[in-house]
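The sequence and structure are shown first, and the description follows.

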Amino acid sequence: MAEQSYTIRAFEPGDAAAFAALNRRWIEEFFGMEDEDRRVLHAPEESFLKRGGYIAIAEENGQAIGTGALILPETKAGEIRWGEMVKMATDPASQGKGVGGAVLDHLIAFARTSGVEKIWLETNDRLTAATALYQRKGFRALGPDEEHPTPYSRCNLQMVLEL
């Protein structure tokens, strides 16, 4: 196996445009932008970081080649601490290098250190590579009785990982 030529790091203020571009590419290619996409991609710091969340950036030679974010919703005492994995994206030229898996592992590690007990995500079964990655990392599909309302019309699959 080739040596990893990229690093995974925390989002920095100058990463907003790359974060948006990486996600906009796959959303527009497969589905079309929705209002919630526009909102969070326009202001990732506000949407994720200022709410206690985290954004990971995969970087190679000074360029962002992958990303993903974790939202940490407010939890009351005694409730399960959930995290929501969102906006996972890898530049097409970097696909097949393990970037998505490395970003996912980084976000899962952040979730664990943040006390998260379960990670939830929404996707679409047309995204077969992403769905296969989530399954390899231990996510399972939610049954119809477990699903939650979603702001995305493209979402037809919700998954959970118990930590």
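Which residue of strand 5 does M85 stand opposite? The residue opposite M85 is L121. The model discussed here is predicted.

The chain contains an open sheet of seven strands, arranged in the order 1-2-3-4-5-7-6 with mixed pairing.

| Strand pair | Sense | Bridges |
|---|---|---|
| Strand 2 and strand 3 | antiparallel | seven |
| Strand 3 and strand 4 | antiparallel | five |
| Strand 4 and strand 5 | parallel | four |

Strand 2 and strand 3 form a hairpin with two residues between them, and N61 in this turn has a positive phi of about 50°. Within the pairing of these strands, I57 has T67 of strand 3 as its bridge partner. On the next pairing, A69 has V86 of strand 4 as its bridge partner. Strand 3 itself is mostly covered, with seven of its nine residues buried.

**The nonpolar cores**

The largest nonpolar core has 25 residues, and the members that touch the most others are M85, L104, L107, I119 and F139. At least two residues of this core come from each of strand 2, strand 3, strand 4, helix 4, strand 5 (118–123), helix 5 (128–136) and strand 7. Helix 4 gives the largest share, seven residues. The contacts of L107, leaving aside neighbours within four places in sequence, are Y54, A56, G68, A69, L70, M85 and M88. Apart from this core lies another, of 17 residues, which includes F19, I57, V86 and L127.

**Aromatic pairs**

Six aromatic pairs are counted in the model. One of them joins Y54 and F110: the ring centres are 4.4 Å apart and the planes meet at 20°, so the pair is stacked. Because Y54 belongs to strand 2 (residues 54–60) and F110 to helix 4 (residues 99–113), the pair ties together parts that are 56 residues apart in sequence. The two partners fall into separate accessibility classes: Y54 is buried, with a relative accessible area of 14%, whereas F110 counts as partly exposed at 22% relative accessibility. Elsewhere, F11, F19 and F48 form one aromatic cluster.

**Helix 1**

Helix 1 (residues 16–30) has 15 residues and spans 22 Å from its first C-alpha to its last, close to the 21 Å expected at 1.5 Å a residue. Its buried residues are F19, A20, L22, N23, W26 and I27. An α-helix has 3.6 residues a turn, so residues three or four places apart point the same way. Among the elements covering the buried residues of helix 1 are helix 2 (35–42), helix 3 (44–47), strand 2, strand 3 (63–71) and strand 4 (82–90). Just after helix 1, G32 takes a positive phi of about 115°.

R25 is also found in helix 1. Leaving aside neighbours within four places in sequence, R25 is in contact with T90, P92 and Q95. The C-alpha atoms of R25 and D91 are separated by 8.5 Å, although these residues are 66 residues apart along the chain.

**A buried glutamine**

Q158 lies in strand 7 (residues 157–162). With a relative accessible area of 4%, Q158 falls under the 20% limit and is therefore buried. Which polar partners does the side chain of Q158 have? One is the side chain of W120, with which the side chain of Q158 makes a polar contact at 3.5 Å. Another is the backbone oxygen of H148, which lies 2.7 Å from a polar atom of the Q158 side chain. Not counting residues up to four places away in sequence, Q158 touches W120, L121, E122, R140, A141, L142, E147, H148 and T150. L121 in this list is the residue that stands opposite M85.

Methods. Residues are numbered from 1 along each chain as its sequence is written. This is a predicted model: local features need pLDDT of at least 70, side-chain atom pairs count only at pLDDT 80 or more; totals for chains, interfaces and linings use all residues. Side-chain values use heavy atoms; hydrogens and water are left out. Buried means under 20% relative accessible area, exposed over 50%, partly exposed in between (1.4 Å probe, protein chains only). A polar contact is a pair of N or O atoms within 3.5 Å; within protein, one must be able to donate a hydrogen and the other to accept it, and residues adjacent in sequence count only if both atoms are side-chain atoms. Contact means heavy atoms within 4.5 Å. Rings of Phe, Tyr and Trp (its six-membered ring) pair if their centres lie within 6.5 Å; planes under 30 degrees apart count as stacked, over 60 as edge-to-face and the rest as tilted. The expected span of a helix is 1.5 Å times one less than its number of residues. A nonpolar core is a set of buried Ala, Val, Leu, Ile, Met, Phe, Trp, Tyr and Cys residues joined through side-chain atoms within 4.5 Å. Two strands pair if DSSP finds at least two bridges between them.
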